[in-house]
Amino acid sequence: MVGCPNQREFIPGFDKKDYPLTQPRQESVGGLLFVTLSPDTESLDDFLQEAKGSLLDIMAGDGRLKLIGYHRVRYLTNWKAYSDNDGYHPPLLHQAFTMLNWQGGAGRQYATTGRGHYCIETELTVPQPTSVIRDASVIEFRDEGRPKNASVLALFPMLVASNYLNVISIRFATPVAIDEVEVTYAYFAHQDDDEAMVLHRIRQSSNAIGPSGLISMEDASVFHRVQIGNRTPGKAIFQKGVTDPSRLGFEFRQNDESGNLPHWEYYRAAMGFRRREA
């Protein structure tokens, strides 16, 4: 407690020192701060588990980043539909990737053994110059001295970090209603970037994964369709990549959908829902 008007009228012996403000705890990975007001929250290492290395790689390895902008958008879908990630959706939904010869090569998808985090890592072929789009810089990879990889990491429950081409982005979703979620996109540049590289990152971030970007517009359309589809009778069952329906795996092919299963198993346990007997 900092101030206490009229404390002379409080109970005898009242001392504002007995009512201190809650002190937050914070730790960081790659310059990204994690803050909690709970004294019982586990350490950041215990929270991130195997995902810590992936997060550090996404944040350019050394965390020497600077914020270059935000976007904020609302999707007409429930937050749980937004947080789902079907590993196989890019080649099916984003047909422009094929048209632009922007393809994924070798890669992996994994989930942490606890906490419900999952990550997709893949090698990318760099698109060749093309006249198919007016601004080819949207798909241009400028060498940063790192592998030409793409990584998307989802931290339970609502944070997504991604790094592909020259886009470094953190997305955080906030449920607004049962059928609406607000997503904030934050974009970063490296402290060593020159002005041309910063402008390139801004242009690429906005036109690739911003709310009107060539990727995110397609995602938004599907989010809404999933929300409509969820009102229909029946059940959605994850199939692709499931090798044993009775066991939970943690390593998957990059285009499997089974990476969702540890995520939702952790959600079930955290919510205290009982698993139905087989």
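Predicted model: local features only at pLDDT ≥ 70, side-chain atom pairs only at ≥ 80, totals over all residues.
1. Cysteines. A disulfide is a covalent bond between the sulfur atoms of two cysteines. The count of disulfides here comes to zero.

2. Overall layout. The protein chain holds eight helices and 10 strands, and its C-alpha trace spans about 80 × 60 × 30 Å along the principal axes. Of its 278 residues, 39% count as buried.

3. Phe10, Ile11 and Tyr19 make a nonpolar surface patch of about 320 Å². Phe10 sits in the segment before β1 (25-29) and is partly exposed, its relative accessible area being 40%, while Tyr19 is partly exposed at 42%. A search of the whole structure finds 10 aromatic pairs. One of them joins Phe14 and Tyr19, whose ring centres lie 5.3 Å apart with the planes at 25°, so the pair is stacked. Phe14 has a relative accessible area of 17% and is therefore buried.

4. A second stacked pair. Tyr75 and Tyr82 are likewise stacked, with 6.2 Å from centre to centre and 20° between the planes. Both partners are covered: Tyr75 is buried with a relative accessible area of 4%, and Tyr82 counts as buried at 8%.

5. The buried residues of α8 are Asn260, Pro262, His263, Trp264, Glu265 and Tyr267. An α-helix has 3.6 residues a turn, so residues three or four places apart point the same way. Trp264 and Tyr267 also belong to one aromatic cluster together with Trp79 and Phe273. After α8 comes Gly272, whose phi is positive, near 80°.

6. Salt bridges across the chain. The count of salt bridges comes to 16. In one of them the side chains of Asp192 and Arg64 meet at 3.0 Å, N to O, and this pair links distant parts of the chain, with Asp192 in the loop between β9 (180-190) and α6 (195-208) and Arg64 in the loop between α2 (51-58) and β3 (65-75), 128 residues apart. Asp192 counts as exposed at 55% relative accessibility, whereas Arg64 counts as partly exposed at 32%.

7. A bridge between two strands. Arg74 forms a salt bridge with Glu180, and their closest N and O atoms are 3.5 Å apart. Arg74 lies in strand β3 and Glu180 in strand β9, 106 residues apart, so that the pair links distant parts of the chain. Arg74 counts as partly exposed at 46% relative accessibility, but Glu180 counts as buried at 19%, where the cut-off for buried is under 20%.

8. The side chains of Asp256 and Lys240 meet in a salt bridge of 3.4 Å, N to O. Asp256 is in the loop between β10 (251-252) and α8, and Lys240 is in the loop between α7 (216-229) and β10, 16 residues apart. Asp256 is buried, with a relative accessible area of 2%, whereas Lys240 is partly exposed, with 36%.

Note on methods:
Residues numbered from 1 in each chain as written. Heavy atoms only, no water. Patch = residues over 30% accessible without salt bridge, like charges linked within 9 Å, V, L, I, M, F, W, Y side chains within 5 Å. Areas by Shrake-Rupley, 256 points an atom, 1.4 Å probe, with all protein chains shown as cover. Salt bridge = Lys/Arg side-chain N within 4 Å of Asp/Glu carboxyl O. Helix = DSSP H or I, 4+ residues; strand = E, 2+ residues; numbered from the N terminus. Buried < 20%, exposed > 50% of the residue type's maximum accessible area, 1.4 Å probe, protein only. Phe/Tyr/Trp six-rings, centres within 6.5 Å; stacked < 30°, edge-to-face > 60°. Disulfide = S-S within 2.5 Å.
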